[in-house]
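Have the sequence and the viewer side by side as you read.

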Amino acid sequence: MRDFIIRRLLLLAPIMLGVSFLTFAIFRVIPGDAAVIICGFQCTPETLHDIRHELGLDEPFYEQYGDWLKGVVTGDLGESYHTKLSVTSELESRLPVTAELTIMALILALVLGIPPGVLSAVRPGTMADWVARFSSVLWLSVPNFYLGILIITFGATWFGWSPPNFATGETVGFFEDPWRNLQTFFFPALVLALAIAAVIMRLTRSSMLEVMRNDYIRTAWSKGLRERAVVWRHALKNAMIPVLTIIGVQVGLLIGGSVIIESVFALNGIGFYLLVAILSRDLLVVQSLVLLFAVTFVVANLVVDLAYAWLDPRIRYG
Amino acid sequence: MEESNYWTRLSRGRISRRRLLGASAVTALGGAAALVVGCGSGNSNGGSPTGPVRTRPPGGSPAPGGSITWGRAIASLGIDPHIDLTGLDVDTLLYSYLYDWIPGKEEIIYNNLAAHLELPDPQHLEFIFTLRPGVKIHAGGPGAGEDMSSEDCKQSFIRRGTSITAPDKRFPRKIAGSSDAEALAAALQTPDPLTFKFKMSEPFVPSLREMANPTWAMVPAKVISKYLSLAQRAFGSGPFMLEEFKGSQRIVLKRHPEHFLKPRPWLDGITYVVITEGSSLLSAFKNGQHDVNGSVLTKDDFDQLSKNENIVVSRAPSLFYPVIHMKMKPPFNDIKVREAMDLALNRDEIIALTQGGEGNYNGPIQWPQAKWALPQEELRAFYKYDPERAKSLLADAGFKDGFSAKMKLPKLAGATFISDTAAVAAQQLGKVGINIQLDEVELGAFIASTLLPGNFELAFFPNLPYDEPDRPLAFYHSSGVTGSGNWNNYTNPQLDKLINQQAMEFDEAKRKEIVYAAQRMILLEHAPQITLTGGFAYSAHWSYVHFPYELGQDPPKDAGPNGVDIWTDKA
Amino acid sequence: MAQEIAAPLEFERVVLSRPPAWVRIWALARRHPLGVFGLLCVALLFFCGILAGVISPYDPYFINGSHIKEAPTLAHPFGTDRLGRDVLSRTIWGARISLLVGMVSVLFGVTIGTFFGVLSGYLGKLADSVIQRTVDILLAFPPVVLLLAIITVIGDEDSAVRRFLTDYTPIPDGTFLGVPVFLDIFVIAIGIGIAVAVGTARVVRGAVLSLKENVYIDAARAMGASDWRIMTRHIFPNVASLVVVLGSVFLPIAILAEAAISFLGIGVPDPTPSWGADLTGPNRTDATNNGVWWVVFFPGLALSLVVLGFNMLGDAFRDISDPRLRGGGLGPGPGSGPSRRGL
């Protein structure tokens with residue numbers, strides 16, 4: 001088991017290298033760099049040249065890449081070409097926003113997905129079953145940004161409500177002002193969570209159906225165990241295994257989705273930061289963020305694999 | 001204080017060069033919005049013949065205290081006044097300037113650092129400023145509590161005059177007589193702490209206007225020498241101090257207690273909140289979360305807001321103008337084709353569709369520049385809508401069946417005003433057989449691959465709004481706005497001569513003649529850009545916030561520097 | 001249980017006396033109403049997409065100053081937008097754009113992905129490692145970054161890819177199929193297609209790995225067949241049905257992806273009618289602040305219906321093909337466990 005973990009972690013390095021190298025390479029090929037954007041509409045070749053020189057963008061490819069790599073290792077992720085703010089400090093203030101958003105979305109997805117899935121499997125054919133199945137298809141289909149827009153539009157026109165972060169331009173931590181914090185994060189998290197909840201619900205349902213057909217469940221029934229014990233203790237734990245797998249993939253989708261939702265709800269998180277950085281060719285910011293996303297994705301998958309191994313004794317990677 | 005070039009000192013320094021440069025004029029973060037706000041000073045957009053709309057009379061007596069929240073559509077990448085262009089409006093509150101300027105009347109108001117300006121020479125070849133004593137520098141930084149002096153002016157001039165990204169360096173170059181920083185330093189004189197003077201190497205009419213521009217902030221010399229980058233920090237002498245700068249989220253200002261106009265400023269603080277998405281920004285204002293609106297309003301929005309009695313709305317002609325640029329190669333080097341294009345464009349329809357029906361025709365100089373632009377009647381008489389004649393002109397030029405051309409435009413996120421106008425224009429041109437293909441290019445790619453290499457037939461993008469005639473005319477000069485070539489490849493030596501002349505003519509009546517002559521020459525040439533129409537900019541704020549003057553009004557004679565007179569009823 | 005006993009009898013009955021086809025289809029439809037609804041939605045998508053030029057009441061680009069921001073009326077059933085353009089027409093043509101981008105990206109992506117998946121799975125060793133690591137790296141990118149980077153790189157005027165596309169392929173640069181600047185749309189489709197290819201490659205590789213174990217592969221090799229022959233004759237046909245399924249799964253995802261990036265402002269160029277693009281910008285301001293709800297509501301509805309339709313259709317197919325999962329389960333078939341195990 002330990003070897004497995006170590007092996008997987010070691011694999012992280014070449015992937016990270018590949019990701020960062022690819023980002024760097026892509027930005028060399030993309031037309032326009034940070035200097036161009038800084039230069040603006042009334043640009044001349046001389047000004048551009050000067051700006052490039054000042055930013056260090058005219059250094060050879062490998063030197064720039066080398067400098068940046070060195071920085072990553074020492075913890076200095078460089079500075080944005082535009083704002084001069086250190087990427088690390090921006091990350092510090094933006095990470096909590098995205099983290100809270102994705103964690104809340106994940107929790108909501110589990111809460112909204114698992115119980116209806118179980119219910120649907122345990123009581124097939126009832127109204128509850130139909131409602132659960134129908135709503136799962138619905139949530140899966142309506143695009144999350146559309147939902148987000150609808151919420152903000154109707155919030156504004158019917159209730160005169162806008163999320164509190166519109167008023168101050170910043171989000172408060174959960175422990176400072178829970179109600180305000182929830183107002184800010186609940187709807188974006190919900191919008192992100194619904195599609196994932198739908199997937200989880202369906203998977204839970206089919207997985208439960210599958211598990212409940214098994215012999216050991218029938219044994220438990222015949223032993224006279226109450227339904228609750230049967231369902232929750234025996235069936236659910238085994239049914240969760242495939243669901244866990246899906247969560248790993250969904251984390252990746254969550255990170256991608258956060259970019260869109262953050263821009264819809266004007267949340268200053270990492271996703272929004274990334275989008276803006278790409279559009280303004282802020283290469284150092286993009287690189288660092290892409291690296292961060294990649295690490296998160298890989299680590300999340302690793303955690304899922306480990307949990308999976310722990311849950312299902314049949315799978316041991318040792 | 002060393003005389004050597006500020007920038008070379010930096011490059012010899014230990015700190016990496018990367019810290020030097022900063023933000024851009026137009027970024028994907030809200031490009032068009034920045035342009036609409038423009039480079040004018042303060043919040044006045046020029047005395048207009050049409051005047052503002054007020055739903056509440058001015059008056060009431062100012063009371064100290066209170067803070068306001070000001071919505072903001074564009075993220076500010078930095079507030080260094082000499083380098084960054086996305087924070088200039090905030091800079092006018094943080095720093096002192098030599099004087100304030102009334103655009104319509106072209107008058108100086110001595111409400112800022114300069115108590116008086118002496119111009120011994122009618123050609124403005126010498127400037128002698130007498131500074132006001134007691135303009136205190138903000139606390140918390142170098143030179144805190146000290147008075148602003150001529151040395152501060154000198155260092156600010158040097159810094160602004162040699163900054164790489166500053167928009168227009170013709171003025172400082174004409175002081176120094178060259179682009180050399182040492183020459184500039186030598187030309188600026190500080191005989192005593194309250195006297196600042198310099199001579200020009202050649203006359204330059206826009207000088208007076210230039211020094212009131214928000215990029216000419218007077219930064220304390222000690223601050224300049226201590227801090228290389230003022231992108232995220234500010235120690236000025238203006239009515240407000242910088243408390244917090246998070247450019248893409250919020251900017252917090254607090255009152256400068258030692259401002260020379262004590263007990264003003266009335267406000268305790270101003271908070272700018274950045275929301276780059278237009279509809280959310282407007283919602284925040286309408287819900288009362290923001291006290292002053294920050295979103296770019298259309299006529300429709302304006303009408304909706306006017307219905308609310310508790311909102312003060314105002315409007316003024318906007319200097320923003322998107323322009324069709326034509327590259328002087330076939331078919332556009334044929335004057336018949338160009339004239340046909342002008343005849344095919346229905347400017348009234350453009351006004352109706354993209355400006356909510358409000359606005360006027362633009363000539364080579366935008367119509368809000370009331371003093372210098374050709375009279376509206378003349379423009380309307382010239383730019384007739386005549387598609388039949390356009391078609392016959394095209395046939396004469398050999399294009400009986402019309403032709404196709406590609407028009408490139410930048411993709412400015414969230415601001416489809418440009419693509420809307422382009423779509424309307426394209427449809428109109430299509431009716432006479434000129435098939436325009438609209439090619440929207442992502443901003444970075446547009447600047448790098450289309451603009452800089454001049455890689456286009458037709459390009460549609462905004463020129464920087466400026467309220468001096470010299471700048472708009474410079475687009476027609478063979479050396480262009482930047483002094484090193486225009487991207488249309490248009491040359492007209494006679495026009496060049498006229499443009500050069502007007503920049504040196506101080507007699508207003510004579511200058512006006514030259515400017516008119518230049519514009520008329522351009523009209524007849526139908527080249528190299530089509531300036532279409534210009535509309536209005538709208539502003540709104542809740543009535544409990546009181547401004548000394550609204551958008552479209554001139555500042556009153558006794559107005560203080562920007563921001564000092566704002567007060568609020570709300571606790 | 002009762003079904004298992006009844007099955008043989010059912011079988012005999014079916015073989016001996018089959019009711020006419022339409023009766024069977026009708027019965028099928030009755031049992032899966034949601035599937036029928038899904039089929040209708042998908043059919044509507046294709047119908048609008050293919051026949052957009054014919055059924056659209058107005059030109060979606062036609063700017064009409066006399067009908068600005070009109071609420072839905074008989075003349076304009078979905079209303080008009082800020083430039084007087086008919087929203088119904090824009091929605092119908094939006095279907096064409098979505099379909100175009102979706103189909104091109106899926107066809108491109110699935111083809112490339114299958115190719116590399118088979119190569120990777122069958123050849124193993126070095127080819128496998130290289131391809132797998134590349135896929136890993138590409139998968140680790142946030143999708144928006146990848147898409148934007150690809151689109152900007154490929155789409156650039158001077159890029160080699162674009163020059164190749166304009167010079168050596170028949171893909172038109174101008175208006176084609178009623179879509180202006182067709183090449184830009186095509187480039188977006190390629191961008192999404194690359195993401196599709198990555199996902200396809202992973203799945204196909206897994207399938208190939210298990211196929212490889214089959215006896216007839218060994219037999220073919222024993223008979224002296226080359227790797228290439230085995231891949232084309234035996235592997236490819238067997239993954240074909242999987243690939244078709246993947247295609248149908250990726251199509252709505254591709255459509256959503258196009259809508260998402262157009263929504264962010266980095267996709268389809270203005271003023272091309274795209275459901276995603278119509279949800280943002282001035283349309284959104286008009287809807288939120290000026291009461292012009294129809295310009296946002298209908299494109300969003302169309303988008304939701306399309307994705308809904310695909311999902312319901314997919315569910316119905318799954319029900320029909322595997323009765324044990326009757327009622328719409330998503331996920332791996334019974335007993336196979338999570339696909340990760342195979343990798």
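B:Leu532 sits in the loop between strand S17 (529–530) and strand S18 (533–534) of chain B. Helices (H or I, at least four residues) and strands (E, at least two) are DSSP runs here, numbered from the N terminus. This is a predicted model, where local features need pLDDT of at least 70 and side-chain atom pairs count only at pLDDT 80 or more, while totals for chains, interfaces and linings use all residues. Residues are numbered from 1 along each chain as its sequence is written, chains are lettered from A and ligands numbered from 1 in the order in which they are written, and side-chain values use heavy atoms, with hydrogens and water left out.

Most residues other than glycine have a negative phi, and most peptide bonds are trans. B:Leu532 is also buried, at 1% relative accessible area; buried means under 20%, exposed over 50%, and partly exposed in between (1.4 Å probe, protein chains only).

B:His124 has a positive phi too, about 50°, and is not a glycine. Look for B:His124 in the loop between strand S4 (114–118) and strand S5 (126–131) of chain B. Because its relative accessibility is 15%, B:His124 counts as buried.

| Cis peptide bond | Omega |
|---|---|
| B:Lys262 to B:Pro263 | near 0° |
| B:Pro330 to B:Pro331 | near -5° |

B:Pro263 lies in the loop between strand S9 (250–255) and strand S10 (269–274), and B:Pro331 in the loop between strand S12 (321–326) and helix H11 (335–344).

## Where chain C meets chain B

How many residues of chain C are in contact with chain B? It's 32, and they touch 27 residues of chain B, with contact meaning heavy atoms within 4.5 Å. The area buried between chain C and chain B is about 2,500 Å², with carbon and sulfur atoms giving 45% of that; buried area is the accessible area (1.4 Å probe) that two parts lose on being put together, summed over both.

There are 3 salt bridges between chain C and chain B, a salt bridge being a side-chain nitrogen of Lys or Arg within 4 Å of a carboxyl oxygen of Asp or Glu. The side chains of B:Asp420 and C:Arg82 meet in a salt bridge, at 2.7 Å from N to O. On the side of chain C that touches chain B, helix H12 (residues 281–289) gives the most, with 5 residues.

B:Ser419 lies in helix H15 (residues 417–430) of chain B. Leaving aside neighbours within four places in sequence, B:Ser419 is in contact with B:Leu409, B:Glu440 and C:Asp270. B:Ser419 counts as buried because its relative accessibility is 4%.

## Helices and their cover

Helix H16 (residues 443–451) of chain B is mostly covered, with 8 of its 9 residues buried. The cover over those buried residues includes helix H2 (34–39) of chain A, plus strands S14 (403–411), S15 (434–442) and S16 (458–463) of chain B.

C:Ile137, in helix H6 (residues 125–140) of chain C, is buried at 14% relative accessible area. Beyond its neighbours within four places in sequence, C:Ile137 is in contact with A:Ile15, A:Gly18, A:Val19 and A:Leu22.

Over in chain A, A:Trp130 is found in helix H6. Is A:Trp130 buried or partly exposed? A:Trp130 is partly exposed, with a relative accessible area of 43%.
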